[in-house]
Amino acid sequence: MDGFLDDGSLAQARRPGQDPAISFDGVSHRYPDRRDGRGTEAIADFTADIAPGALVCLLGPSGCGKSTLLNVLSGFEKPSGGRVLVDGLPVLGPGPDRGVVFQEPNLLPWRTVLGNITLGPDLAGRPREQTLRAARRLIGLTGLTGFERHAPYELSGGMRQRVALARAWISGPPILAMDEPFGALDAQTRISMQELLVDIWGGTGSTILFVTHDVDEALFLADRIMILGPRPGRLAKDISSPLPRPRIYENLVVDPVYAGLKRDILLSLRQPDYSI
Ligand SMILES: Nc1ncnc2c1ncn2[C@@H]1O[C@H](COP(=O)(O)OP(=O)(O)OP(=O)(O)O)[C@@H](O)[C@H]1O
Ligand SMILES: [Mg+2]
């Protein structure tokens, strides 16, 4: 599968060995605080290169700066130190090359499922036929067929999140930042969403940075798992996943390699070791 909009706007399939898609270069971030003037140091000297086409999961305790890192990558926050490069160019603000999916689907209540999915291309003035073709494909892939004309309030939580995923994917951003997108879903829906994400990602060249609290989710999805220590977040562990694809949940959970990795990650989350 290549672009959903057939104009080459979707990430091109990339091969290993290319320059990083994303470089966090000594990124630190302190939120100002009008009360005591010291503010909150959310991220300290975070440095990492992310290969094109990688699916990277970011794990770490609550408040360690994961969302802050995604916001810096997305251009919603300007880091107080260091910089983020995307394809070698500094991030100066939000851009269509970086899609974002949040924990809440944030759909527009007055637009239908179809209208929400086509929002980006509609705003960008893309040709209607091309947009509808792409939307129909994504509606099929996300299992929303028959609900095109429904309003967001007529959907279940998992369906709304699938609309958000389709909306993020239709413009084919080369980079997708996902902040606990499946956090509010029940276990079964969550697994289907993870499988769907891997399926769609496998057919595109997108680079994904995915924040989660769920170690199993990270192990199922990731090529690479980065663990942040407590605030201010810095890299405590960086693991390349040895788990082959395709991954099947039922098989993974009885795989000794999976169990060993899960144990290491749980230990690191409990007791970060910065000596790496
Ligand atoms: N807009 C903001 N203004 C001030 N401080 C903020 C802001 N956003 C986050 N912070 C602070 O920065 C720190 C890191 O927050 P962040 O949301 O990045 O953590 P997180 O790792 O995503 O946590 P969680 O897992 O709970 O979502 C926290 O101490 C938080 O209070
Ligand atoms: Mg967060």
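How many aromatic pairs does a search of the whole structure find? The search finds 3. Before we visit two of them, please keep in mind that this is a predicted model. A pair of aromatic rings is described by the distance of the centres and the angle of the planes, and those are the two values to look for below.

Let's begin with Phe182 and Phe210. Their rings form a tilted pair, with 5.7 Å from centre to centre and 55 degrees between the planes. The angle explains the label, because planes under 30 degrees apart count as stacked and those over 60 as edge-to-face, with the rest called tilted. Phe182 sits in the loop between strand E7 (175-179) and helix H6 (187-202), while Phe210 belongs to strand E8 (residues 207-211), so this pair ties together parts that are 28 residues apart in sequence. What about their surroundings? Phe182 has 1% relative accessibility and counts as buried. Phe210 is buried too, with a relative accessible area of 0%.

The next pair, Phe220 with Tyr249, is stacked: the centres are 4.5 Å apart and the planes make an angle of 10 degrees. Here the two partners come from helices. Phe220 is part of helix H7 (residues 215-221) and Tyr249 is part of helix H8 (residues 249-252), so the pair ties together parts that are 29 residues apart in sequence. Phe220 is buried at a relative accessible area of 3%, and Tyr249 is buried at 11%.

Staying with H8, follow the chain back to the loop between strand E10 (235-240) and H8, where you will find Ser241. Is Ser241 buried or exposed? Its relative accessibility is 18%, and it counts as buried because the cut-off is under 20%. The side chain of Ser241 reaches the backbone nitrogen of Leu243 at 3.2 Å. Leaving aside residues up to four places away in sequence, Ser241 touches Ala222, Asp223, Arg224 and Arg247.

Now turn to ligand 1. Which residues come nearest to it? Of the 14 residues around ligand 1, these are Ser62, Gly63, Lys66, Ser67 and Thr68. Some of the contacts can be followed atom by atom. Gly63 uses its backbone, with an N or O atom lying 2.7 Å from an oxygen atom of the ligand. Ser67 places a polar side-chain atom 2.8 Å from an oxygen atom of ligand 1, and a polar side-chain atom of His213 lies 2.9 Å from an oxygen atom of ligand 1. On its own, ligand 1 has 640 Å² of accessible area, and the protein covers 63% of it. Strand E2 (40-50) and helix H1 (66-74) are the elements that give two or more residues to the shell. H1 provides the largest share, 3 residues. Sorted by class, the shell has 4 nonpolar, 7 polar and 3 charged residues.

Of its 9 residues, 7 are buried, so H1 is largely enclosed by the rest of the structure. The buried residues of H1 are Lys66, Thr68, Leu69, Leu70, Val72, Leu73 and Ser74. Lys66 and Thr68, then, are buried in H1 and are also among the residues that come nearest to ligand 1.

Technical notes. Residues are numbered from 1 along each chain as its sequence is written. Chains are lettered from A and ligands numbered from 1 in the order in which they are written. This is a predicted model: local features need pLDDT of at least 70, side-chain atom pairs count only at pLDDT 80 or more; totals for chains, interfaces and linings use all residues. Side-chain values use heavy atoms; hydrogens and water are left out. A residue is near a molecule or strand if one of its heavy atoms lies within 4 Å of it. A polar contact is a pair of N or O atoms within 3.5 Å; within protein, one must be able to donate a hydrogen and the other to accept it, and residues adjacent in sequence count only if both atoms are side-chain atoms. Accessible areas come from the Shrake-Rupley method with a 1.4 Å probe; for residues, only the protein chains shown count as cover. Helices (H or I, at least four residues) and strands (E, at least two) are DSSP runs, numbered from the N terminus. Ala, Val, Leu, Ile, Met, Phe, Trp, Tyr, Cys and Pro count as nonpolar, Asp, Glu, Lys and Arg as charged, and the others, Gly among them, as polar. Rings of Phe, Tyr and Trp (its six-membered ring) pair if their centres lie within 6.5 Å; planes under 30 degrees apart count as stacked, over 60 as edge-to-face and the rest as tilted. Buried means under 20% relative accessible area, exposed over 50%, partly exposed in between (1.4 Å probe, protein chains only). Contact means heavy atoms within 4.5 Å.
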